[in-house]
Amino acid sequence: MSRHQFEAYLDKVFHFSRRVAALPEGRHYPRHPWEKVFDAVFLGAACQFPALHRIEAECRDGALSKRIGPLSEDAIGYALELQDPGPIFALGCNMARRLKRNGVLRSEWARGRVVAAVDGIEICSSFVRCCDLCMERRVTHKVGEQLREDIQYYHRIVAVIVVSAPFPIPLGIRFQKHGETEVACTLALLKDLNDQLGRRFFDLLVADALYLQTPFVEAIEKIGWEWVINLKDNQPELLAEAEQATAGPPHFQESNKKQELQLWHAPEVLWPVADRSVRVVKTVRTLHKNRVPLRPASASKKPNAKEAFDEQGLNFYATNVELGLVPPSFIHQLGRSRWTIDADAFQTLTTDSHLKQPSVHQGRGRALVNLTMIRVLAYALTIVFYHRQVRSHLRKASFGFCDLARKLAYLFLLLPPRMDSS
Ligand SMILES: [Zn+2]
């Protein structure tokens, strides 16, 4: 074996190494070329090594010793700090365009649309470590036995993630700036993506209730996107109108062993502050579940029989989607598709891809931005590789995403020694 199969796949589908080699260099006389540092961080993230410290060890005498060779944590941090995040963002957009051309971003349920969801996540909160790009807040916390108020430093990133694909794929992230709202940050990210990916790269945006604000909705409609946004009490007048319009019996009902769904549809509900009307769908979903009942410690040790119980969820969705022949339950499906961000993408990004682990942070804000962008890119490309190449060729369903990371690291060990000594 002369090449790692993950890298061979990336080159075949994305011309990845050629594009990485073309990334501009941010330093004048680098001891290690940026391509080498990028590869170390990218492949280290693909192998799910949690920190730069670990990547240094793996480059010295571990999984990456043949592929990368010696490279110190400090050299990686320094190179990351001096690099412009723009070309890394553009590289991610390049990959996304290829994925769209290859038909990876669509699936049947979305009726031909590419659907993207937006959401934010907090990373790297600390009372000690900070950088010039940190956000700050005053927090009361326990130090020993005493309560103390201190400044807490943290970062929030927003992500745009395709949720119409068979698995969620991040398109891009942006760090929220101090004093900037999440919605403003997301809008800036969406505009950057629109510039890079071209108009109508995706068709429809889903978001939580925070985003149901006139300026945001106007801005995304101007770009030409459809939208489905949760409606909650942060828009009290619209919610009151929607409640009134859906007060009667449901327009649609469906039940099976697991759940019961009731759905109301109001095609024109007045949104007074925006001086317009929107379409509203209300759903009540009753999930039939089982649980083990709690009982006193003195009772017998035999496990209790499970008892059945119902869990009910009420949701309102506002939208500009023209339904035509499409049933209103499509709005419910679109609204629910956003849950894969929290349940799947953010969950895997934080547990397996160590997104919350700062690694470089103290005094190196830009290094943290670049590190996080490379980690998200590595997640996106390994998850594509996992679903398109590994899982589709495997009968064993138990081979998970973190098994893949171990396998990737193992395969690097089998590479022949490098000929050069850079
Ligand atoms: Zn910071």
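**Ile 161 and its strand**

I looked up the bridge partner of Ile 161 in strand 4 and found Pro 170. Strands here are DSSP runs of E with at least two residues, and helices are runs of H or I with at least four, both numbered from the N terminus. The model is a predicted one, in which local features need pLDDT of at least 70 and side-chain atom pairs count only at pLDDT 80 or more, while totals for chains, interfaces and linings use all residues. Residues are numbered from 1 along each chain as its sequence is written.

I checked how strand 3 (residues 146–162) and strand 4 pair, and the sense is antiparallel, over six bridges. Two strands count as paired if DSSP finds at least two bridges between them. Strand 3 and strand 4 form a hairpin, with six residues between them.

I then asked how covered strand 4 (residues 169–175) is: seven of its seven residues are buried. Buried means 20 or more other C-beta atoms within 10 Å of the residue's own, exposed means 12 or fewer, and partly exposed lies in between, with C-beta atoms placed from the backbone.

I listed the contacts of Ile 161, leaving aside neighbours within four places in sequence: Ala 116, Ala 117, Pro 168, Ile 169, Pro 170, Leu 171, Ile 341 and Ala 345. A contact is a pair of C-beta atoms, placed from the backbone, within 7 Å.

**The core**

I found Ile 161 again in the largest nonpolar core, which has 111 residues. Such a core is a set of buried Ala, Val, Leu, Ile, Met, Phe, Trp, Tyr and Cys residues joined through C-beta atoms within 7 Å. Those with the most contacts inside this core include Ala 40, Val 41 and Val 280. Helix 12 (residues 365–390) gives the largest share, 14 residues.

**Helix 9**

I looked at helix 9 (residues 236–245), where Leu 238, Glu 241 and Ala 242 are buried. Seen down the helix axis, these residues fall within an arc of 100 degrees, so they line one face. The arc is taken over the directions from the helix axis to the C-beta atoms. Pro 236, Glu 237 and Gln 244 are exposed on the other side. The buried residues pack against strand 8 (259–271), strand 9 (276–291) and strand 10 (307–319).

**The whole chain**

I noted 13 helices and ten strands in the chain. Buried residues make up 37% of its 422 residues. Of the contacts with a separation of 6 or more, 66% join residues 24 or more positions apart.

Notes:
Contact = placed C-beta atoms within 7 Å.
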